[in-house]
Amino acid sequence: MTKIATRNAYGEALIEIGKENEDVVVLDADLSKSTKTSGFGKEFPNRFINVGIAEQNLMGTAAGLAAAGKIPFASTFAMFATGRAFEIIRNSIGYPKLNVKICATHSGVTVGEDGASHQALEDISCMRTIPNMTVIVPADAVEAKAAIHAVAKIDGPVYVRLGRPAVPVINDESNYDFKIGKGVTLKDGKDITIVATGIMVNEALEAAEELETKGINTRVINIHTIKPIDVELITKAAKETGAIVTAEEHNIIGGLGSAVAEVISENHPVPLKRIGTNDTFGESGKPDELLKKYGLTKENIVETVTELIKRK
Amino acid sequence: MEKKIQELKQIATEIRKDIVTMLTESGSGHPGGSLSAADILTVLYFNEMKVDSKNPKWEDRDRFVLSKGHAAPVLYSTLAEKGFFPKEELQKLRKIDSMLQGHPDMKGTPGVDMSTGSLGQGFSSSCGMAMAGKIDKKDYRVYTLLGDGELQEGIVWEAAMLAAHHKLDNLTAFIDYNGLQIDGKNEEVLSIDPVTDKFKAFGWNVLKIDGHSIEEIVDSINKAKETKGVPTVIVAKTVKGKGVSFMENKVEWHGSAPKEEEKAQALKELGGEM
């Protein structure tokens, strides 16, 4: 299977939308080689602003550009974008509903060797609690590129969560139709549903395949838009399959798992288990080693599904 | 010009009276830092800025960002005086369902160019606006007003570096240097001086003026416009609570509203009929 990092797809998409729309400007905080905004910078130097190592000012400047009619894409690592600059995002972007696209890379434990200080595991939680904010977590490069094109066309603040390592391409670029707020049923099933986001979508698909061999007919839903979440699709899955396992590379507090729990507990309560980091910081290591250590693998999903289905 | 100066002084007086009246009505808010900035906003809106009260979102307008957002009453009084909305609205300041929030809300109030209130952020946004002007090759200018205590926010210096690096000569920042912040004198809480040297070191053109001299404010803006290749900061020495004797230089009036009898006294002192 081809592997491409979502950040690479982001870099390519930026150049494409930069050609289509002169109002697109890109800002970075001295990480343009890592966030892949540097390509846009080379192509459109007069529309690229490196604010230096100053994430608060990154967001404040982006807000001002948006207030003057530009479409700013602001990038840095997820930790610094959503953590360090949280209050600027809340007050200068979210509150005035300004058209800023916050596209942050290096989310989750798959940052790897840099360790806990650089591994954002609360960014989805922080961003989805801000009114007016749309939150998108692409599962692969195809979805990342489609998401960037889509968010450039809507008016309002968006957080897009991107990753560092190359990850399997699971969507077909030739026919992929990305709709903000609409989940995607990747595999049908009647016994249980796995609702996954980001890099955990591929793990969910592989887990579902293995579960079939054990006689468990598993539905797999990709929720690429955490907010606004697809209430209809998730409620339908709860009704039709009677149990849900969520999977995300994020703290189980506040992220996809919490969002799904909110949806089903209000609409159709069924047994639920959340897979994610369990209220803990990460650490240094190789991405694959960390995913294994923090329970973010196909095997963990298979085990969780097998346990949860007994509670139906 | 002399006639114009007199006219501006009278407008500033009207704005001060509105500040006192609206704050008495609201029962909370920030009179001290609103009164200290009244002359600067008067000159900006009535002598300098290209704005259209009938078309507040006009793309080519000059922009103003009240980075010290708690001085919202001075901005609201100025905008109402300029005709962006009826003066009656001023009496709804800080009340439920009002367009006049405790701190400026660009989505709700005609003429407000940026939502502010959390210190330092408006200055950062004003840099973004000035950059947009440069990218779009427009000749509009961006003005912002910061409090002196606000300079203690780190983002101010991030933005100051950015503005100088990108040669934002279309950006002019005023510092409302009244020397006081909530907990006391700046120099006692956390010294911000030497402010002029700091901005010079950051690559800015720095001017120092009396922030209550209409002539000096007019003159400094002209100098800022003539300065090419660098942004300009105008350090305006002001008096907190200016124009109302019992509020002047009193830190207690940073964030408390006058009562009816205090309003009457303040209006009497301000006098100045249009």
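**Close-up views of a predicted two-chain model**

**View 1. Strand 4 of chain A and its neighbours in the sheet.** Strand 4 and strand 5 (residues 101–104) of chain A run parallel and are joined by two bridges. Helices (H or I, at least four residues) and strands (E, at least two) are DSSP runs numbered from the N terminus, and two strands pair if DSSP finds at least two bridges between them. Phe73(A) stands opposite Lys101(A) in strand 5 of chain A. Strand 2 (residues 24–28) of chain A also runs parallel to strand 4, with five bridges between them; here Val24(A) stands opposite Ile71(A). The model is predicted: local features need pLDDT of at least 70 and side-chain atom pairs count only at pLDDT 80 or more, while totals for chains, interfaces and linings use all residues. Residues are numbered from 1 along each chain as its sequence is written, and chains are lettered from A and ligands numbered from 1 in the order in which they are written.

**View 2. The two faces of strand 4 of chain A.** Five of the five residues of strand 4 (residues 71–75) are buried, that is, 20 or more other C-beta atoms, placed from the backbone, lie within 10 Å of the residue's own. Ile71(A), Phe73(A) and Ser75(A) point one way, and Pro72(A) and Ala74(A) the other. In a regular strand the side chains alternate between the two faces of the sheet.

**View 3. Helix 13 of chain A and its cover.** The buried residues of helix 13 (residues 298–308) are Lys298(A), Ile301(A), Val302(A), Thr304(A) and Val305(A). Their cover includes helix 9 (200–213) and strands 10 (192–196), 11 (218–222), 13 (244–251) and 14 (272–277) of chain A. Ala204(A) touches Ile301(A), and also Ile194(A), Ala196(A), Val220(A) and Ala247(A), not counting residues up to four places away in sequence; contact requires C-beta atoms, placed from the backbone, within 7 Å.

**View 4. The largest nonpolar core.** This core has 183 residues, and those with the most contacts inside it are Ile148(A), Ile194(A) and Ala204(A). A nonpolar core is a set of buried Ala, Val, Leu, Ile, Met, Phe, Trp, Tyr and Cys residues joined through C-beta atoms within 7 Å. Helix 8 (residues 141–153) of chain A gives the largest share, eight residues. Domain 1 (3–168) and domain 2 (184–311) of chain A both contribute residues, so the core lies between them; the domain bounds come from an automatic or database domain assignment.

**View 5. The contact between chains A and B.** Chain A gives 26 residues and chain B 24 residues. On the side of chain A, helix 4 (55–67) and helix 6 (86–94) are the elements that give two or more residues.

Technical notes. Buried ≥ 20, exposed ≤ 12 C-beta atoms within 10 Å, placed from the backbone. Contact = placed C-beta atoms within 7 Å.
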